[in-house]
Amino acid sequence: MYTGKLTPTEPNLLLDILMAADKFEVLACMRRCCQLLTNLPMTPTEPNLLLYLDYPCSSSVAAEIRHLTDAAKEFLANKYKVLDKFPHELVDMPLVGIEAIFSSSDLQISSEDAVYTFLLEWVCEQYVETEDRHKIWSSRLLPLLRFNHMSWKKLHEVLTCSDEDDVDNEQTKKLITDVLLHKAYPAHEQGTIEADTTTCCKVPQRAYMRKPLKVVEFDRPRPQVIVYLDLTREECSRLFPEGVLVSQLFHLAGQNFYTQPTCVLWRS
């Protein structure tokens with residue numbers, strides 16, 4: 001650690017040396033360990049991959065290993081970005097891995113509703129004790145959810161849910177209320193709402209497989225909805241020559257509907 005000579009290439013040995021160097025604040029050794037660990041090929045079966053994310057470094061030297069944890073987060077986000085391919089692996093994924101995967105905007109999933117459903121099922125499976133489950137949900141999982149991209153039906157379902165044993169609903173409902181206020185009264189039209197209350201409304205969309213909609217509902221003169229589906233030029237180009245794009249569901253008179261932009265190449 002002090003001679004400047006470092007020969008191990010096994011991740012577990014390098015991590016041991018890194019922890020010792022961290023304890024004694026030998027920065028040069030820490031940098032070298034991080035460089036070697038970053039250059040090693042990462043695989044999802046590597047037991048130390050998740051240790052990179054949950055490495056208990058001291059705050060004074062956190063910057064020295066940030067690029068290592070960033071590389072591990074990027075690897076996991078890319079590996080599991082198509083969630084449907086890894087249903088069993090994700091159920092058993094530790095919390096640090098779940099945070100790395102669901103923090104990504106490249107996550108390919110049908111909708112944000114599905115993200116909420118998965119995280120709720122995951123936390124109930126992983127944390128049997130109610131107090132632990134509520135704590136993890138509020139402090140670690142709620143920040144991963146992008147409520148502004150959830151459907152109105154799902155938001156209403158969560159708001160009206162009275163089961164307090166699954167998760168702490170109080171904070172969840174507060175975030176949803178902020179989103180609904182922002183949708184009803186955009187920030188540029190309301191000077192009385194503090195800027196930090198709409199932070200949850202500014203997160204970007206993920207790579208949803210179902211295109212998000214904007215829906216306006218009317219009760220009079222009869223129940224009806226106006227549905228807005230925004231398509232970019234690039235999205236339209238990808239439909240050529242015979243592509244299909246499916247939107248999220250919207251609801252009218254108790255029925256589910258969706259829009260489906262389709263490109264059809266007519267052949268004579």
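## Thr-69 in helix 4

Thr-69 lies in helix 4, which spans residues 62-79; helices here are DSSP runs of H or I with at least four residues, strands are runs of E with at least two, and both are numbered from the N terminus. Thr-69 counts as buried because its relative accessibility is 13% (buried means under 20% relative accessible area, exposed over 50%, and partly exposed in between, with a 1.4 Å probe and protein chains only). When neighbours within four places in sequence are left aside, Thr-69 is in contact with Tyr-52 and Leu-53, contact meaning heavy atoms within 4.5 Å.

## Basis of the model

This is a predicted model, in which local features need pLDDT of at least 70 and side-chain atom pairs count only at pLDDT 80 or more, whereas totals for chains, interfaces and linings use all residues. Residues are numbered from 1 along each chain as its sequence is written, and side-chain values use heavy atoms, with hydrogens and water left out.

## The chain as a whole

The protein chain has eleven helices and four strands. Of its 268 residues, 35% count as buried. Among contacts in the chain with a separation of 6 or more, 60% come from residues 24 or more positions apart. The chain exposes about 16,400 Å², of which carbon and sulfur atoms supply 53%; accessible areas come from the Shrake-Rupley method with a 1.4 Å probe, and for residues only the protein chains shown count as cover.

## Helix 6 and Val-96

Helix 6 is largely enclosed by the rest of the structure, because eight of its eight residues are buried. These are Leu-95, Val-96, Gly-97, Ile-98, Glu-99, Ala-100, Ile-101 and Phe-102.

Val-96 is found in this helix (residues 95-102) and counts as buried at 14% relative accessibility. Apart from neighbours within four places in sequence, Val-96 is in contact with Leu-50, Leu-53, Asp-54 and Arg-140. Leu-53 is also a contact of Thr-69. Val-96 and Lys-73 are 23 residues apart in sequence, and their C-alpha atoms are 9.1 Å apart in space.

## Packing around helix 7

Helix 6 packs with helix 7 at an angle of about 175 degrees, their axes being 13 Å apart. Axes are lines fitted to C-alpha atoms, for helices over the stretch in contact, and angles run from 0 to 180 degrees between N-to-C directions. The two helices are therefore roughly antiparallel (under 35 degrees counts as roughly parallel, over 145 as roughly antiparallel, 65 to 115 as roughly perpendicular and the rest as oblique). Leu-95, Ile-98 and Phe-102 of helix 6 meet Val-115, Phe-118, Leu-119 and Trp-122 of helix 7.

Helix 7 (residues 112-126) and helix 8 (residues 130-141) have axes that come within 10 Å and cross at roughly 140 degrees. Helix 7 and helix 8 are therefore oblique to each other. Helix 7 contributes Tyr-116, Leu-119, Leu-120, Trp-122, Val-123 and Cys-124 to the contact, and helix 8 contributes Arg-133, Ile-136, Trp-137 and Leu-141.

## Backbone features in loops

Cis peptide bonds join Arg-220 to Pro-221, with omega about 0 degrees, and Phe-240 to Pro-241, with omega about 5 degrees. Pro-221 is in the loop between strand 1 (214-218) and strand 2 (224-228); Pro-241 is in the loop between helix 11 (233-239) and strand 3 (250-252).

Glu-25, a residue other than glycine, has a positive phi near 55 degrees and lies in the loop between helix 1 (11-23) and helix 2 (27-39). Ala-253 likewise has a positive phi near 55 degrees. Ala-253 is in the loop between strand 3 and strand 4 (255-257) and counts as exposed at 70% relative accessibility.
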